[in-house]
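Work through these exercises with the structure open beside you. Try each task before you read its solution.

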Amino acid sequence: MNAYDIIKKPLLSEKCYAGIAVKKYGFLVDRRADKVQIRIAIEEIFGVKVEKVNTVNLRGKLKRQGKHSGYTPKIKKAYVQLSASSKPIEFFESLS
């Protein structure tokens, strides 16, 4: 997989905004990617040094429209902690 296929988009939530000060960032990632692939992709795309990667698998929510029901897609989130000596990610620095 390509690094840009693994990292889909950044997460912009209250939890992610609170982590920007300590160099902890959230991303929506491909469900098949593991922690090592996510680490390599972040380091390749943003040019930073990753210390730790935590992942969360979320199942889809049940949604109903009248008598029809279905589930939203399953997603995977990755929370990435950069090393203390690493530079911050510029995209997130403009948000804080």
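**Exercise 1.** How many positive and how many negative side chains does the chain have, and how far apart do the centres of the two sets lie?

*Solution.* This is a predicted model. Begin with the positive set: Lys and Arg belong to it. The chain has 20 positive side chains. Next, take Asp and Glu as negative. There are 9 negative side chains. Finally, the centres of the two sets lie 12 Å apart.

**Exercise 2.** Describe the order of the elements from the N terminus on.

*Solution.* Count the elements: the chain has four helices and six strands. Now read along the chain. The order is α-β-α-β-α-β-β-β-β-α.

**Exercise 3.** Find the aromatic pairs and classify the one formed by F27 and F46.

*Solution.* Step one is the search. Over the whole structure, four aromatic pairs turn up. Step two is the geometry. The ring centres of F27 and F46 are 5.7 Å apart, and their planes meet at 35°. Step three is the class. Planes under 30 degrees apart would be stacked, and planes over 60 would be edge-to-face. Step four is the location. F27 belongs to strand β2 (residues 24–29) and F46 to helix α3 (residues 35–46), so the pair ties together parts 19 residues apart in sequence.

**Exercise 4.** Are F27 and F46 buried, partly exposed or exposed?

*Solution.* The cut-off for buried is under 20% relative accessible area. F27 has 2%, so F27 is buried. F46 has 26% relative accessibility, so F46 counts as partly exposed.

**Exercise 5.** Treat F91 and F92 in the same way: what class of pair do they form?

*Solution.* First, the distance: the ring centres of F91 and F92 are 5.3 Å apart. Then, the angle: their planes stand at 85°, so the pair is edge-to-face. Last, check the accessibility. F91 has a relative accessible area of 39% and is partly exposed. F92 has 2% and is buried.

**Exercise 6.** Which residues form one aromatic cluster?

*Solution.* Start from the two pairs above. F27, F46, F91 and F92 are among the members of one cluster.

**Exercise 7.** Where does the charged end of K15 sit?

*Solution.* The charged end of K15 sits over the ring of Y79. The distance to the ring centre is 4.5 Å.

Key: Residues are numbered from 1 along each chain as its sequence is written. This is a predicted model: local features need pLDDT of at least 70, side-chain atom pairs count only at pLDDT 80 or more; totals for chains, interfaces and linings use all residues. Side-chain values use heavy atoms; hydrogens and water are left out. Rings of Phe, Tyr and Trp (its six-membered ring) pair if their centres lie within 6.5 Å; planes under 30 degrees apart count as stacked, over 60 as edge-to-face and the rest as tilted. Helices (H or I, at least four residues) and strands (E, at least two) are DSSP runs, numbered from the N terminus. Buried means under 20% relative accessible area, exposed over 50%, partly exposed in between (1.4 Å probe, protein chains only). A charge sits over a ring if NZ of Lys or CZ of Arg is within 6 Å of the ring centre and within 35 degrees of the ring normal. The place of a charge is taken as NZ of Lys, CZ of Arg, CG of Asp or CD of Glu.
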